[in-house]
Amino acid sequence: MLELAMGIMLGLLGLGAGCAMIAGIGPGIGEGNAVAKACEAIGRQPECKSDVTSTMIMGCAIAETTGLYGLIVAILLIFVAPGTFTGILKDAIK
Amino acid sequence: MTEERVPDVKSTRFRMTDYALIAMMILPILACLVLKVLFSPETEGISIAGAMIFLEVPAPVMPLIITESQVNSWAVMISILGLCLYLTHGLTAKAVCKRQLAAEWIVEKSEKLVRDNMGGFFKEWGPFITAIMGLSAFSSLICLVGLFSPTGDVNVTFGWAILVFFLIMYYKFRGGIWNYFMGLFKPIPVFAPMNLIGEFATPVSMAFRHYGNILSGAVISALIGGALTGLTRSLLGFLPGFLGDIPFLRIGLPAILSIYFDVFSGVMQAFIFAMLTMLNVAGAVPWDDWNKRRERRGKQALSPN
């Protein structure tokens with residue numbers, strides 16, 4: 001009984017971590033757009049390359065935030081949640 | 001005008017001080033390495049774990065836990081202090097030592113950065129911003145010598161973010177506490193919960209951004225290390241004796257990825273943390289309300305530039 005419950009729990013935690021990383025799609029598209037526009041801007045005005053590059057990297061790093069939230073949730077689900085939920089399960093089944 | 005006393009660069013005393021300061025830079029890191037080696041449990045393979053707990057001091061409410069991240073951040077702080085003292089050792093008007101040029105470059109760049117991003121009113125903030133940036137960058141870079149990055153612990157980055165949060169709040173309250181609380185109900189009172197969440201979202205997002213970047217780098221490095229160990233075992237496992245146990249593929253290959261995940265990402269996040277600190281603090285000042293309050297008390301009006 002306990003083994004079955006643990007198996008289901010660990011599997012669902014893994015699935016949840018995978019679902020959480022769907023959050024990576026948004027920053028990918030957003031940063032791609034940002035870099036594309038930055039390339040256009042550099043092509044139009046090559047003399048302001050350094051300004052555009054630094055602003056773009058800054059914006060990319062900020063756009064990453066939502067993806068990182070998903071990553072943190074996934075990491076918590078994989079590394080932290082099993083320890084917590086195992087104790088709860090054992091208490092519940094006994 | 002008095003004659004400036006030029007330090008004798010070749011003298012024994014000057015050199016001994018230099019060596020002492022260099023030791024001050026290196027010894028804390030070495031001490032951390034020794035501590036890590038002494039406390040690490042013997043494990044097979046790669047483990048992904050948080051900061052090790054060195055010591056639990058009994059305290060009234062809850063035990064005070066001394067973790068690896070605290071020890072490492074103190075080591076980084078002492079090292080940075082040693083670096084600063086080393087760079088400024090023997091300062092003269094005519095720059096006798098080459099290191100004075102590096103020190104001047106750092107100071108000039110930080111003053112210019114702060115002035116460009118925060119305006120003239122905050123021009124004295126250079127040391128604070130540089131301290132945050134340096135501590136963050138060196139804390140992330142410490143993983144290059146094999147130590148746990150303090151910034152890979154959410155408590156450390158959250159501590160910095162709370163400090164920034166208090167600074168933001170201090171400047172927001174300059175326009176009057178009543179004005180600040182009324183500002184939460186703009187543009188319509190329905191927005192009050194969202195505005196309140198927005199106030200607290202700033203430090204949370206700053207802390208999680210920094211922590212997430214460093215932690216993801218560490219996790220990916222550990223996964224690649226484990227994968228390369230397994231690959232070596234299956235490819236070169238036929239070698240006789242102890243040669244089969246050495247993970248040859250782990251020599252040098254992970255360093256290529258480390259350039260992005262540890263060096264670039266760490267320095268980038270330090271810069272972004274400092275940049276967001278500057279923008280948030282400088283953008284938090286309610287100039288109109290503050291100047292109205294100052295006018296009522298008969299003080300001079302302030303300007304952001």
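In this predicted model, helix 4 of chain A passes helix 7 of chain B in a left-handed crossing. The two helices pack at an angle of about 60°, with their axes 9 Å apart. That angle makes helix 4 of chain A oblique to helix 7 of chain B. On the chain A side, the residues that meet helix 7 of chain B are Thr65(A), Leu68(A), Tyr69(A), Leu71(A), Ile72(A) and Ile75(A). Their counterparts in helix 7 of chain B are Ser205(B), Phe208(B), Arg209(B), Gly212(B), Asn213(B), Leu215(B), Ser216(B) and Val219(B). By class, this helix pair brings together eight nonpolar, five polar and one charged residues.

The contact between the chains was then considered as a whole. Chain A contributes ten residues and chain B contributes twelve. On the side of chain A that touches chain B, helix 3 (49–63) and helix 4 (65–93) each supply at least two residues. Helix 4 of chain A gives the most to that side, with seven residues. The residues of this side of chain A comprise nine nonpolar, one polar and no charged.

Within chain A, helix 3 also packs against helix 2. The angle between helix 2 of chain A and helix 3 of chain A is about 175°, and their axes lie 10 Å apart. The two are therefore roughly antiparallel, since angles over 145 degrees fall in that class.

Cys39(A) belongs to helix 2 of chain A, which covers residues 25–44. Cys39(A) has 12 other C-beta atoms within 10 Å and is therefore exposed, as 12 or fewer is the cut-off for that class. Cys39(A) and Ser50(A) stand eleven residues apart in sequence. Their C-alpha atoms are 12 Å apart in space.

Helix 3 (residues 99–118) of chain B and helix 8 (residues 253–283) of chain B pack at an angle of about 40°, with 9 Å between their axes. These helices are therefore oblique to each other. Their crossing is right-handed. Val114(B), Asn117(B) and Met118(B) represent helix 3 of chain B in the contact. They meet Met275(B), Met278(B), Leu279(B) and Ala282(B) of helix 8 of chain B. Six of the contact residues are nonpolar, one is polar and none is charged.

Val263(B) also lies in helix 8 of chain B. Val263(B) is partly exposed, with 17 other C-beta atoms within 10 Å. Leaving aside neighbours within four places in sequence, Val263(B) is in contact with Leu141(B) and Ser258(B). Val263(B) and Glu124(B) are 139 residues apart in sequence, and their C-alpha atoms are 29 Å apart in space.

Ile22(B) sits in helix 1 of chain B, which spans residues 12–39. Ile22(B) has 13 C-beta neighbours inside 10 Å and so counts as partly exposed. Ile22(B) and Leu83(B) are 61 residues apart along the chain. A distance of 7.5 Å separates their C-alpha atoms.

Chain B also contains a strand pair. Strand 1 (residues 53–57) of chain B and strand 2 (residues 64–67) of chain B run antiparallel and pair over four bridges. A hairpin of six residues joins the two strands. Leu55(B) has Ile66(B), in strand 2 of chain B, as its bridge partner.

Most peptide bonds are trans. The bond from Lys186(B) to Pro187(B) is cis, with omega near -5°. Pro187(B) lies in the loop between helix 6 (177–183) and helix 7 (192–236) of chain B. Helix 7 of chain B is the partner of helix 4 of chain A in the left-handed crossing described above.

Methods
Residues are numbered from 1 along each chain as its sequence is written. Chains are lettered from A and ligands numbered from 1 in the order in which they are written. This is a predicted model: local features need pLDDT of at least 70, side-chain atom pairs count only at pLDDT 80 or more; totals for chains, interfaces and linings use all residues. Two residues are in contact if their C-beta atoms, placed from the backbone, lie within 7 Å. Ala, Val, Leu, Ile, Met, Phe, Trp, Tyr, Cys and Pro count as nonpolar, Asp, Glu, Lys and Arg as charged, and the others, Gly among them, as polar. Axes are lines fitted to C-alpha atoms, for helices over the stretch in contact, and angles run from 0 to 180 degrees between N-to-C directions. Angles under 35 degrees count as roughly parallel, over 145 as roughly antiparallel, 65 to 115 as roughly perpendicular and the rest as oblique. A crossing is left-handed if the near helix is turned anticlockwise from the far one by less than a right angle, and right-handed if clockwise. A residue is buried if 20 or more other C-beta atoms lie within 10 Å of its own, exposed if 12 or fewer, and partly exposed in between; C-beta atoms are placed from the backbone. Two strands pair if DSSP finds at least two bridges between them.
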